[in-house]
Structure formats: C-alpha cells, structure tokens
Amino acid sequence: MKRIFIHIFLIITSIITLSPFVWMISASFMADGHANVYPPRFFPDEFTLVQYESLFSRLNVSVNFFNSLLLSLTVTVVSLLFNSLAGYAFAKFKFRMKDKLFNFLLSSMIIPAQVTMLPLFLMLKSMGLINTYFAIIIPGLANIFGIFLIRQYAISIPDSLIESAKIDGATDFQIYRRIILPLCMPILITLALFTFMGTWNDFMWPLIALTDNSLYTLPVALANLMLEHTKDPELMMAGSVITILPVLIVFLFLQRYYISGIMTGSIKE
Amino acid sequence: MNKSLSIAVIITLIFLSGCKNNSNEIRTINFWAMGAEGEYVQKLIPEFEKLNPGLKVKVQMIPWTAAQEKLITAFASNNLPDVFQLGNTWIPQFSVIGAIESLDNLIMKSKNVNEENYFKGIWETNRINGKVYGIPWYIDTRLLFYRADILSKVGYDSPPKTWKELFDASLKIKNLFGAVEKYPIYLPVNEFAPYVIFALENKATILRENDSYGNFAQKEFVEAFKFAMSFYEHNLTPLGISQVTNIYQAFRDEYIVMYISGPWNIKEFTKWMIDEYSEKWMTAPMPSKDGNYPGVSLAGGASLVISKNCNQKAEAWKFIEYLSDSKVQREFYSISSDLPALKQVWEDSSFKYNKHMRAFYEQFQNVVPTPKVPEWEQIAFSKIQQYAELTSRKVLSVEDAMKKLDKEVDNILEKRRELIKQKKIAS
Amino acid sequence: MTKMNINSEQSRIALLFLSPALLSIFVFFFIPVIAAFIISFTDFDIYSLGDYSNITFIGFKNYIRLFNDELFWVSLKNTFLFVVMAGPLSIAVSLSAAILLNSKIVKLKSLFRLSYFIPVVTTLVAVAIVWRFIYHPKFGIINYVLGLIGISPIDWLGDPNWAMPAIVLMAVWKNFGYNMIIFLAGLQNIPTHLYEAAEIEGANSFQQFKSITLPMLAPTTLFVGLITMIGFFQLFAEPYIMTQGGPLNSTISIVHYMYQEGFRWWNMGYSASIAFILFFIIFIGTLIQFKLKKNHTI
C-alpha cells in the first residue's frame, strides 16, 4: 500500500516537474497567437515549424548558436588544461605555503563574481577586448572550483605510480600527461561537463561584455528577443527549446559524470 | 613580450593603412545603424557609391536594446565609426562625453542640409548649448491610436481634442463595456512618454536651473500627473503591465480602445488589424489641455552624427547629405516605413492623403524635446516610470511622489551641478 | 641530493604547473576585486567614461548615499525575502525528495532522480521565459489549474504581493534537484547499522529520522545551506527576464540594482559599492552558518 502511494506521488511530482518543458515544446510548434488561448493547450492544434523557421532565417539564431558552442568549447578546453595542471600540483607536489594558498583560494570562493564585473569590464575595455570572444574566454581561463575538484581526485592517485615513473626517467610533464591525465579522466569529463554547461548557460557576464548581436550567446540573444518580442510567446518557446536542447542532450549522455561531480564537490573540509 | 610586439605590429599596420589613404585610393566610411534600419539602409548604399566613386560605405547593424551600451563602449575604446545613427534623446549624452562632432560649419556650407527643411521641434533636439550635433534622419512622435468604431459608438465621431473629452470618452467607453474586463485607454507605467507629454501640455518645465534640479513638484507637473492618474482611479486603464502581452491583439479584441504611441506601430497595426478591422483604427494628434489643438508631444526619432575621432569628416558629411536628400528620404520611407525628416517629402500625395499619416503631420508641427541632459534616460526610464507605478497603485499620493522624485533626480544630477560649478560643462 | 634540494626543485616545478591557473585567477579575479573596492570610493560615472579627469575620490559618500537610497533598501529587502523563502523551501523539498528516493522500496529510482534533476541543467534564461508564460494571468497553466479547483486567477507577476513568491517557486523548481543529489550522497554515507540498531530498540521511522538522519546529515545540510544561500543572494536573471524588477520594484534584487546602476546608467562607483555590500552580506551569512554548526555539534 505504502509502496503504491509513494510511487504515485513520485510519478505525479515528476510530471509536474517536467510539465514546463512539455508546454514549452508544444507551444514552440504553434502558429502566432495559438498559445495565447484559454484553456492552455498542451498539444499544438496545428503543428507548424514556422517559429523555428523565423528564428533561423529572420533572426539568425544559428549565429548565436555557433557563438555559444564555440565559446563553451573553448572555455572548456582551456580551463581544463589550466585547472588540471594546478589541481595536480596541489595534490602531488610539496611546496611552501601549499595548504595556506589552497585554503585561501577555497575561502575566496565566497566572493560573488558580480564584485569583479565592473573592474573586469574596464580592464578588458582598456585592452580592447570588450565585445570580442576574448571577453568571455578570459575570465573563464581557470576557476577555483575546478582546481579543487581535480585536486580532490588526483590526491588519491598512489604516489608509488609517480615514483616509479620518475625512476624510469619520465619528466614531470610526461607524468602529468601519461599518468595523471588518463587516471583523472572521469573527473576531467565531469569538470568539462560543468564548464561547458556553465558557460553555455551563463547570462550576466555575456550580457555585459558582448554588445554585438553577431557575438551574442544564445541566452543573451534570447533575452533580447524576449524584451523586443514579448508579444510572441510561440517564438520565444522555440528559442527556449533551441537554447535548452544542446545542454540537455549533453547532460543525458554524461549524467553519471555530472552527478558524481556534484558529490565530489560536496565532500569538503 | 609577445603582446607588446603584437601591439607594435598593429599600430604599424594602422599607420600604414592611414598613409595609404591617398587621393585616388578608395575610402571606406563606417556607418552604424540600429535594428531594422541597419538592414534597410543597405539598399541605399549602391546608389551613393555610384554617385561618389572612390567612396565605400560599410554598414553595421546594432540591436536597439543594446545600442546605447554598445556605443558608449565603442566610444570609450575609441572604436566609434565615422557616422552613426543616434536616437535624438541620446545626443546630449554623446555630446557631453565628447564623442560627437558639432556640425555647424558643415551645415553652413551645405547646399541641401538646412534648418528650414525640418520640423522645428525635431531640429531643436539636435542642438546642445547652441551647437548642432546631429541631422534628423527619420522622425517620430507620440499620438493617439484609437478604435474609431468604438469611439463613435459613444458619440465621438471625431477623436477627443481636449483632456476633458479624452476623459469623458473613456468614461463612456467604460460604461459601454459594463462589467466586461476591457479598458478605454492604455497608459502603462513602463512608458514614461504620456506622463511627460501631459506635463508639457500643462506648460510644466521638467528640470530647473540649467537642468540641474528636478522640477516635478511644481503645480503644473503635479496637475498633469493627477490627470494621468485619474484614469487609474476610475479603472479606465489596466493596472500593471502584464495583462497586455500583445498590444495589437488587445487592440483588435477591443481590450484596449486608445493607446498613446508612435509611428513604429503603424506597420504592426496594419498587419494585425486586417479585413473588417482595417477600417476601424485611426490616429489623431494628442488632445490638448485647453482648446489649442493639437496638444504638444515629444520630438523623437533618430539623427545622423559624426564621431569626433573620424578623420574623414568631409566624406562622412557627404554621406549624411546623401541620406538627407529628398529623393533618398522618400526611398528610405518606402523601404522602412520610418517617417521622413524632410518637411518637403510630407507634401507628397502618399502622405497628404494617407489617413493614418495626416495626424502625424499635424503633430510634428507641435513637438518639443525632452530635457537635454545626459542623465535624462535614467530620470525618465528609471525614476519617472517608478513613481508613475507607485502612484498608479496608490502607494504614494501624487504630491508625495513628486517630492520624492525631485529628491532622487536632484541626487542623479549632483555630478552635473558639480561640473557646471567647475565650468567643465557649459551652463 | 639533500632533502632541501628536492623541495626547492619541486617548488619550482609546482610553480610552473600552478602559474597558468593562478596567474589568470590573480589577474582576472583578485585584481578586479581590489579594483572594485577602490572604485567604490570614487564617483566614476558617465562623465568619467569620457574623461578620466572627472573621477574624484569621494570617500564613503557612495556608501552613505546607499544608506539613504530607498530603492537600495527595497532591493536588499527583496533579496533577503527571496533567500529566506526560497532557501529553506529548496532544502526541505530536496531533502524530502532525497529521502523518498533513498527508500529501498522505490523502483526506477534513476528515472525519478533524472526527472527531478533536469531543471538544474537547463538554461536559466530559457526557463525563466517559459515560466513567464506559465504565470500569464489569462493564458497561463498555473491559473488554469487553479481555476479547475475553483481559485480565481492570480496576476502572478503583475501583483506586487505575488511576484516574489512566483519567482521563489520557479527558483525552487529549478534548483532543488541539485541539493537532492547532495543529500542522496549524504544519506548513502550514513551507516545502515545505525538504523538496524534503532529498529531493534523499537524506534519508529520519524524517531529514526530525528535522531539518526538529521544529525548525521548536519555537515551535508550546512554545505547545502551555504551554497544555496550564496547562489540565491546573487538572484538576477529571473527578475531580469520575468519582471524587470517590477511590479512596484517588488522583485528588484541587489545584483539587478547593481547591474542597472553600473551598466545601464554607468554610475560605476555607486554600483561597485553595491557589489561590496553584497559581498559583505554573503560573508556574514557564511560566518553565521559556520557558527550555527559549531554550536550544534558541541
């Protein structure tokens, strides 16, 4: 009895949780004005692709899609390199002030990113990088959480592996490439996933740093569209589908890594 | 190391390219236009290039929503184009930061650009401290869009001409609708324009003492604000802004009967009000407070400006002159539906006998600029709208709201007062 | 080689490995933080953008002005309101979900887990847009469903009393899956023999929850509370998309206000001081949570 009750409850709440997406998808296939009806339609009355057509042909969303993809991939690759180098160093090297430095970095994670935005804007502006791809890439070059994640993982790699490689004459960089990176693969995938999705979904900084329509990422383009096309819910829903779909697909394929990453990240102290 | 090297290379390249610009080389004029205009104007470029061999125009489109940030960013990083489009309420801001060039000398020598060719109020928006910084490209203003069929049902065969009539018509429409949730007029608090227009019609001055203090608590402004608020008190306009997602649909469904808005809506209205509805909507100049019909409205639109760091001003000016030519203005209207700035074009039959255009022509005779200070955007979009909302929901009385508004606006203008004192900006 | 030598050699290589990341964090994170602090004591504004000689140091004037700025207090109040409503609600929902999913009798766990989790990974801007229409007073789903059970329509985002709760609801929906995963991990770390022992002593499931689950989960709860709080204090995209801070400024948040002042009106000095107040509040919030935890364990 209890078992059935729990399952019914879980099913209903799952449906509720997912219903905004169902409605989003269905409205995105409706013609202008067809989502503005009472009672709301959960399925399109006449199926049409006209919203997607106007997104791609008239509003040029493919450019924004490309920007989002390019920036997310670039930030992911570069930050993965930087963070893994630093994470490895924190895990396996002995140097002065190591723990102090690491703890200092960790505690600075409570500084909200918004504090840095004004000076960062002025700084990148003076370098002539505002309104270029670099404005998005540069602040994402490395991040403390990524270093932390890799360090937590790499610390469990047995020292003996590294020692024996050294005896075989491997340089430190070779050890990093041939031993550490392969062994850290799961956490690297996790971090790549976090970074990719974080960059893809990011809104406030791209909103500030990019002013050119042709450089906008999807969320910024979508927000702009929202403010200019409030009257077209169907169009906005199609835009939302296009924005959400890629991250959702990536997530569904790699969810195991994502979820294990949250758990690693939460085991602190 | 590498970076300074690359900077050196870039600088050399810039110099080289600068030197190359000799007499028989092709020169490129960079031009930025906003939103759809950036798309439309490209159709006019080939003709210009044909008329001016040796000149090329490169157009870049920037979206309206981010235009101001983008232009300021470009200014700060020395990246402004030679010529660009500027909403005429932004001219004060860009002239005070020294981003744009004054055009008086060029106008004096010009054959076709002349103050007399333009509506007075519109031209005035381009003049800051006695100097002209922009040439009107296309113009707009706000006036009354209304459902003629419904107004005539309540006895108004011609649109309301005074405040009294406007209010009376609204009451009668409300009675006509009865308990149905429909509204005679739409005065959303996130559009400051109608509120300021009412004040100007009541002869209010919006800022005082060299535009360095707010002047909202004055009798004239308070009175006008109270008039606007009376529509809320009698439930003649929807409270809040979330009910109307699509104003055109709302207009067709009679959810809204009157709306004070601008010419950019004509295209959309034409698109939504089709078939039996196409005859039912009309435009009319703003009602006046007393009998001086038409009442005053805001001088809006976009101007063409030349940036200060442009090093080919003569060529840039040529392009502006081209866009100000009556033939080109006509053509631009037919492509974009943006209202032409040249008075001469308005004499064409396509304007004279267009029933939706006539009202605009009348209205342009009586338009005035908003205060020409860089802070105006913040005052209007943030503060006036904020206090309009507060009074519409009866959180504050109009008197209290205006006093508070004055205080906040005085705060915003503090730096301006300081700079006037230091004589860093002209008073 | 002496031990000393090895260490200095190691330090050198470590430095090499660390420098790309640390350098970029230093230049593009720590320097801006310090710069923001300095800017917050100046009157950097639109006039200064044109001419840097128009910047003056004005001491604490920005902070004093903030103190007298009604809208700032409103944004502060809204943000606290949001954190106080959404934080505990999110934790309660995610903990309940975790406990349900951790139960041995539940089948298809991973499917349910997935469907609760999906909102977490989706783009905030996109879902905010979707929710904006879900909350539509005339055509929205929520009012339709309420209508079915006889509740008259609510103008969710248009009514100053409902706009913030509406944003809270959406934020909790978006976020609880994340906390749920962390709680699940925490639950799985509780040794089962504790429950077995309690069962033998005749404790019912509520007693077990109170005396085993909750105390054992305390560190997890602290962590979840901390990240939820830090995240929620930075509320921005939801009001930016859904309400633009309205109605009646009932949803304007600290970050939204900071954004407007800094990047819409270019009052950058003022905006920097708002950013620092936000930092200060988060800092205090973190201290309080650690303090609470300490008292709890003693």
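Domain bounds here come from an automatic or database domain assignment. With that in mind, let's start with chain A, where the assignment gives domain 1 (1-48) and domain 2 (59-266). The centres of domain 1 of chain A and domain 2 of chain A, taken over C-alpha atoms, are separated by 33 Å.

Before going further, a word on what you are looking at. This is a predicted model, in which local features need pLDDT of at least 70 and side-chain atom pairs count only at pLDDT 80 or more, while totals for chains, interfaces and linings use all residues. Residues are numbered from 1 along each chain as its sequence is written, and chains are lettered from A and ligands numbered from 1 in the order in which they are written.

Along the principal axes, the C-alpha atoms of chain A fill a box of roughly 70 × 65 × 35 Å. Of the 269 residues in chain A, 46% are buried; a residue counts as buried if 20 or more other C-beta atoms lie within 10 Å of its own, as exposed if 12 or fewer do, and as partly exposed in between, with C-beta atoms placed from the backbone. Contacts (C-beta atoms, placed from the backbone, within 7 Å) can also be sorted by sequence separation. Among those in chain A between residues at least 6 apart in sequence, 76% join residues at least 24 apart.

Now look at how the two domains of chain A meet. Here 10 residues of domain 1 of chain A are in contact with seven residues of domain 2 of chain A. The domain 1 side of this contact divides into six nonpolar, three polar and one charged residues. In this classification Ala, Val, Leu, Ile, Met, Phe, Trp, Tyr, Cys and Pro count as nonpolar, Asp, Glu, Lys and Arg as charged, and the others, Gly among them, as polar.

Is Asp232(A) buried or exposed? Asp232(A) is buried, because 21 other C-beta atoms lie within 10 Å.

Chain A also meets chain C, in a contact that takes 71 residues from chain C and 66 residues from chain A. On the chain C side, the largest share, 19 residues, comes from helix 1 (residues 3-39) of chain C. By class, that side has 57 nonpolar, 13 polar and one charged residues.

Chain B brings in strands. An open sheet of six strands in chain B has the order 2-1-3-14-6-15, with mixed pairing; two strands pair if DSSP finds at least two bridges between them. Strand 2 (55-62) and strand 15 (339-340) of chain B stand at the edges with a single partner strand each, so one side of each is left without a neighbour in the sheet. Strand 1 (residues 27-34) of chain B runs parallel to strand 2 of chain B, and eight bridges join them. Within this pairing, Trp32(B) has Gln60(B) as its bridge partner in strand 2 of chain B.

The assignment for chain B gives domain 1 (24-141 + 299-364) and domain 2 (143-298 + 371-421). Their contact takes 17 residues from domain 1 of chain B and 19 residues from domain 2 of chain B. Helix 17 of chain B gives the most to the domain 1 side, with six residues.

Finally, Asp410(B) is found in helix 19 (residues 398-412) of chain B. Not counting residues up to four places away in sequence, Asp410(B) touches Tyr213(B) and Gly214(B). The C-alpha atoms of Asp410(B) and Gly214(B) are separated by 5.7 Å, although the two residues are 196 residues apart along the chain.

Definitions and conventions:
Helix = DSSP H or I, 4+ residues; strand = E, 2+ residues; numbered from the N terminus.
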